Amino acid sequence: MPLIEIDGQQVEVAPGSTVMDAAHQAGITIPHFCYHKKLSIAASCRMCLVEVEKAPKPLPACATPVTDGMKVKTHSPKAIDAQKGVMEFLLINHPLDCPICDQGGECQLQDVAVGYGGSASRYDEAKRVVKDKDLGPLIATDMTRCIHCSRCVRFGQEVAGLMELGMTHRGEHTEVMPFLEAQVTHELSGNVIELCPVGALTSKPFRYLARSWELSRRKAVSPHDGLGANVQVHVKDGRVYRVVPQNNEAVNECWIADRDRYSYEALNSAERLTRPMMKRDGVWAEASWQDALERVAAGLAAVRQQHGPAAIGGLASPHQTVEELYLFTKVLRGLGTESIDHRLAQAGAAVGNGARWLGLAIEDLEALDRILLIGATLRSEQPLAAHRLREAVKAGGQLNVLHAADDNLLCKVAGKIITRADAWGDALVRIAAAMKDAGAAVQTDTAGVNADDAARTIAASLLGGERRAVLLGALAQNHPQADRIHALAQAIAQACGAKLGFLSVAANSVGAQLAGALPGPDGLAAAAMLAAPRKAYVLLGVEPELDAYAAAAARAALKAAEFRVALTAFKSATLDDCDVLLPIAAFAETAGALVNMEGRLQTFHAAVPPQGEARPAWKVLRVLGNLLSINGFDYDSVESVRADALPEGQAHIAQHLDNATGAAGTSASPAVDGLIRLGETPMHQLDPLTRRAPALQATGAAPEAAACGALLARLGLEAGISVRVSQGEASAVMTLRQDDRLADGVLRVPAAHPATAALGGRFGPITVERV
Amino acid sequence: MTMLTAESLALIDQECAKYPAEQRQSAVMAALRIAQTEKGWLAKDTIAYVADYLGMPAIAAYEVATFYNMYELAPVGRHKVTLCTNLPCQLQGADRIGAHLQNKLGIGFGETTPDGRYTLKEGECMGACGHGPLCLHNNHQMHAHLTPESVDKLLDELK
Amino acid sequence: MSLNTPDTQVCLWTLGYDNPASLATYTANGGYEALKKILAEKTPAEAIIEQVKISALRGRGGAGFPTGLKWSFMPRTFPGDKYVVCNTDEGEPGTFKDRDIVRFNPHQLIEGMLIAGYTLGAKAGYNYIHGEIFEQYQSWEVALNEARAAGLLGKDILGSGWDFDLHAHHGYGAYICGEETALLESIEGKKGQPRFKPPFPASYGLYGKPTTINNTETLASIPWILRHGGQAFLELGKPNNGGAKIFSISGHVNKPGNYEIPLGTPFPDLLEMAGGVRNGHKLKAVIPGGSSAPVLPAEVMMGLTLDFDAIAKAGSMLGSGAVIVMDETVCMVKALERLSYFYFEESCGQCTPCREGTGWLYRIIQRIEHGQGRPADLDELLRIGNNIGGRTICALGDAAVGPVASFVKHFRKEFEYHIENKRCMVNH
């Protein structure tokens with residue numbers, strides 16, 4: 001290992017290190033702008049120039065490899081002179097108006113200028129003015145402030161995998177811009193805000209609302225997808241002003257998805273439920289907590305008495321905390337029902353012996369060299385896990401895909417089968433058959449099945465390499481044949497020595513399973529509870545029509561019940577049939593824990609108080625349990641609830657993760673006649689919070705129905721027209737779009753959206769006609 | 001939808017063939033030149049089309065189109081005359097030729113005559129200093145040893 | 001000067017023949033014989049590089065780096081693709097020699113690139129041709145087709161079993177692409193922005209593969225060296241400055257043009273060949289190696305020989321051999337204004353000192369030229385120059401500073417006159 005001297009310190013560094021790496025190791029700060037640990041080296045800002053013995057000129061620390069015996073001086077007169085010279089150049093065309101810049105107080109240029117800038121500018125010529133760019137609803141621009149570090153451009157090329165920003169023109173006229181205005185759409189786009197070392201790219205929703213030094217910073221965990229991105233919640237006067245990434249190399253590195261960043265806006269939405277509401281004679285009225293909770297206790301007791309406990313069903317959101325879900329199940333089980341579930345979007349997968357999880361560490365996704373991705377609309381389901389998988393591909397890994405849409409995953413795809421969802425099981429059997437043909441021992445019946453080229457390509461890929469995984473996405477999990485797909489995936493994984501994993505849809509999908517939010521013996525799963533309506537429903541954080549596998553059935557079931565109570569942070573049209581609404585604390589307003597897809601327990605404290613009279617759901621459930629005279633609700637803290645839910649914390653989790661399925665599951669269920677729907681949850685419709693975040697909502701257009709050109713031609717329909725899509729009695733009118741990335745026979749109609757909330761199953765038969 | 005003629009696309013294909021198969025982006029400079037020769041200038045649609053044809057991001061092609069100064073990002077006259085005004089040409093009389101061109105055409109550098117016939121531009125070193133003063137006609141044809149008389153003759157020939 | 005002959009001239013000897021650019025002219029005078037011998041005898045690469053080293057051939061593009069040494073940096077055992085690239089992106093004001101090589105002796109360049117490709121184990125070569133000389137891009141393609149038809153390019157060259165192909169890449173208006181790594185970026189279809197070094201192209205070049213980049217005149221000299229021997233080439237010039245070299249002389253001379261003469265020729269001899277200073281004017285100053293080279297006053301220049309070492313000793317550089325001659329009528333402020341505009345306009349914008357500094361320099365010089373100079377401006381120019389020079393990714397920063405520092409150094413009085421009197425000292 002090379003030994004170098006840096007500012008008089010002897011440092012032994014790994015071969016291939018740069019002077020910047022060595023400085024970090026020695027705890028020495030070298031000023032820099034274009035350098036970023038997660039991006040390629042640009043060496044263009046020149047701020048990190050240092051003196052290296054025997055080098056005639058100062059050298060950029062970020063791009064200079066260390067050599068044994070090298071002597072570096074980062075603060076010698078020669079180094080300081082070079083750094084000050086660069087700083088002067090950076091400032092000559094930069095506005096010197098920090099007091100009115102949104103970045104003021106958290107600006108790298110400002111910070112470094114304090115140490116290296118002059119007290120006055122010697123530049124007396126005309127200053128540059130650059131036209132601002134429209135980057136859409138999330139990112140504000142002040143392009144005159146740009147210092148051309150190119151971090152935002154490199155982020156697009158290297159991390160996002162999609163070059164949406166470029167540096168156009170040349171010399172002094174160089175400008176950062178998108179090709180077309182408002183054309184920044186990537187799900188990770190907001191990360192350029194932290195990357196920008198100046199005030200050129202800032203958060204549009206946060207613009208001019210607060211100064212950074214007024215904000216207190218609280219650590220939290222993003223409540224959206226199963227990654228559990230670590231965030232900082234920035235707070236002033238009891239209000240969340242913004243959310244930014246909290247670095248955690250093992251989870252989200254220094255990135256967050258746009259929905260992690262901007263969903264906080266919903267906290268201050270007018271749709272927040274701030275007081276308990278009860279329906280009296282069909283009309284909503286505010287109520288006291290006391291009255292509302294008593295009505296709930298009475299309503300549930302009455303149903304139990306009249307119809308028996310099995311007539312009560314509990315549906316909870318996997319975006320709620322472990323503690324909330326645990327007490328929720330405790331209340332329901334105390335009432336005597338086992339019909340409890342958090343898997344609203346699933347058509348009816350079986351419950352296994354343990355919690356379904358990723359099957360490996362999130363970090364290890366990057367190290368995979370063979371991947372089979374089944375039924376995952378990756379970029380919208382898992383914006384950050386998708387980045388990890390792109391890194392794996394960049395490093396030479398092979399990504400294979402089974403899906404109904406050949407979406408652009410922004411990386412090379414080695415093998416793919418793009419076919420309608422009801423053919424996925426058969427496609428997996430073909431892959432298994434191809435593996436058998438290649439000599440692998442596959443524990444599944446493939447008799448009479450012939451592998452095709454696509455299956456052979458995927459099989460060959462999976463049988464090569466060393467670190468393999470078969471990953472099931474949301475669509476595979478929600479699928480009517482989920483158990484069959486799971487069993488086949490397991491057989492394929494076993495045959496090639498791959499890890500079998502589930503890409504958890506929600507921030508607490510794993511935690512919900514551990515907390516017991518699953519149907520017990522004789523209990524019904526979510527889809528069954530809605531297909532065979534219960535007499536009473538207890539809802540926690542859900543919007544049934546948007547969250548359910550079959551929206552129309554969910555609505556009908558709720559309507560048919562005798563009593564329904566919802567613990568919810570928001571008023572919602574989907575909860576209109578309820579009898580009582582209890583306002584609960586939302587993200588950042590309550591303490592608790594989430595367990596992410598890799599089984600990592602992440603706890604957090606409340607950052608702000610709940611709005612109005614809303615209360616943390618665990619406290620509401622505690623009171624409800626006591627009112628219902630159920631034993632064991634004497635909790636005095638969220639920690640004491642957690643201790644019951646996960647008795648040994650992380651160790652408990654490790655013992656309860658299990659992706660194995662005993663389902664034989666290889667018998668094919670009948671395929672859908674005619675067209676089949678591909679009903680995904682849009683990226684910014686994942687949960688009640690994202691659905692109400694204005695900036696996120698402004699990024700998307702109204703949902704459309706899409707089909708490939710061949711299908712449109714057969715149906716005699718043209719793109720752009722208005723069509724009625726129908727599933728049985730249910731129908732919706734929307735615009736038709738042509739998307740040749742879709743398999744034939746597939747009509748892509750998003751779920752979880754008000755515009756499609758009247759429709760049926762997410763993978764059900766569907767028809768389309770001109771209106 | 002094809003935005004360029006079959007002839008232009010054939011020329012672009014010839015350029016692509018010079019580079020390794022996975023390096024089609026290498027042909028972007030030539031493709032933009034060919035597109036500009038056909039269209040007169042590079043509209044954003046044209047750039048997007050070329051980018052798509054080569055399988056590269058539109059913004060990356062736009063970076064190229066804005067970096068190299070012989071690409072035109074706005075319409076120009078039928079005849080673009082680019083006069084080198086760099087030092088060796090200046091010493092050899094480029095200033096006088098520049099003044100003559102501006103007088104004769106009634107436009108300044110960077111402008112187009114109202115009839116859309118001529119655009120006048122100032123250029124950087126064209127690598128033929130010994131033959132200055134000199135100019136380029138529509139980027140591809142060099143006229144050297146310019147005198148006011150030879151300039152008049154050239155302008156007359158450019159219909 | 002003697003007649004154009006292949007014995008005393010290295011690159012431009014075909015000018016003594018009808019159809020100088022044709023394959024027939026070239027082969028009738030020993031063309032492609034060096035290649036044929038190498039292929040027939042399977043000459044080891046080491047032996048070829050040894051001859052190039054003996055010849056003391058130094059890069060003709062401006063930096064003057066020993067070519068044999070550069071070639072020896074290429075990894076021999078690298079298993080993947082390697083490339084040879086020729087730099088005909090000649091845009092340094094004052095330089096126009098490579099255009100004439102492509103125009104009048106393309107086959108010698110092709111042969112040179114073939115020998116380089118063979119020696120360095122490359123699979124293909126690219127010749128990057130300056131944007132503004134489209135006609136040479138086309139004529140080079142014609143020569144390539146001629147060579148291809150004669151079995152000199154492509155598969156199984158001359159029955160040797162060796163495959164190699166050459167292509168042209170056309171620039172489109174960016175001086176910076178003359179910088180070798182910017183040129184590589186440009187071939188890759190990107191903005192021509194220089195890469196930081198290390199890594200150098202010999203380990204990470206075109207498409208990330210080992211690549212050797214040489215100037216046109218350098219590569220065109222290779223067949224001559226191998227035909228006549230490295231020693232003969234060395235003896236054309238002087239020690240450590242081997243060969244003849246093309247000097248492009250422009251500006252205030254009666255016969256501007258290219259003169260291929262031995263390195264070490266006294267400058268007054270070149271001036272005489274070029275017909276002397278025009279209209280009998282007095283010589284004032286000379287930029288001896290392209291616009292980036294520091295200017296030298298007449299009295300210094302008249303005592304110099306034209307070789308890398310002598311000119312470097314006098315505080316300037318031989319560069320590309322582009323000699324810009326200025327007579328007594330030249331206003332040095334105006335001349336510098338034009339040059340500093342050039343560097344400002346051509347800065348790629350990537351790194352801070354050059355992007356911001358070249359504009360600052362230009363604006364101050366422009367003010368001085370237009371009668372708005374201030375007494376502190378000259379020291380400020382030098383101070384800004386010091387903050388650019390040696391601190392940028394590529395040499396364009398230094399190139400922008402060279403003229404400013406040298407013009408102010410040698411002609412400070414003229415600048416001061418401009419500032420004090422708000423008008424020119426030379427042309428009232």
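Me: How do you know what confidence the predictor has in chain C?
Reply: This is a predicted model, and pLDDT is the predictor's confidence in each residue, on a scale from 0 to 100. Chain C averages 95, and 98% of the residues score at least 70. For the complex, the predictor gives an ipTM of 0.96 and a pTM of 0.96.

Me: What makes Lys191(C) and Glu63(B) a salt bridge?
Reply: The rule asks for a side-chain nitrogen of Lys or Arg within 4 Å of a carboxyl oxygen of Asp or Glu. In this pair the closest N and O atoms are 3.7 Å apart. The distance is within 4 Å, so the pair counts as a salt bridge. Across the interface of chain B and chain C the rule finds four salt bridges.

Me: How many salt bridges are there between chain B and chain A?
Reply: The count is zero. Polar contacts are another matter: four residue pairs across that interface are found by the rule, both residues at pLDDT 80 or more. Helix H3 (44–54) and helix H4 (58–67) of chain B each give two or more residues to the side that touches chain A. H4(B) gives the most, with seven residues.

Me: How do you know how much area is buried between chain B and chain A?
Reply: Buried area is the accessible area that two parts lose on being put together, summed over both. For chain B and chain A this comes to about 1,100 Å², with carbon and sulfur atoms giving 68%. Lys44(B), Ile59(B) and Glu63(B) supply 47% of the area that chain B buries against chain A, more than any other three residues.

Me: What is the area buried between chain B and chain C?
Reply: The area is about 4,000 Å², and carbon and sulfur atoms give 55% of it. On the chain B side, Lys18(B), Phe67(B) and Leu91(B) lose the most area to chain C, together 17% of what that side buries.

Me: Which residues are in the contact of chain B and chain C, by number?
Reply: Chain B gives 41 residues and chain C gives 58 residues. Polar contacts between these chains number 27 residue pairs, both residues at pLDDT 80 or more. The side of chain B that touches chain C has at least two residues from each of helix H2 (28–39), H4, helix H5 (87–91) and strand S5 (141–143). By class, that side divides into 19 nonpolar, 16 polar and six charged residues.

Definitions and conventions: Residues numbered from 1 in each chain as written. Chains lettered and ligands numbered in written order. Heavy atoms only, no water. Buried area = accessible area lost by both parts, 1.4 Å probe. Polar contact = N/O pair within 3.5 Å; in protein donor to acceptor, adjacent residues only side chain to side chain. Helix = DSSP H or I, 4+ residues; strand = E, 2+ residues; numbered from the N terminus. Contact = heavy atoms within 4.5 Å. Nonpolar A, V, L, I, M, F, W, Y, C, P; charged D, E, K, R; others polar.
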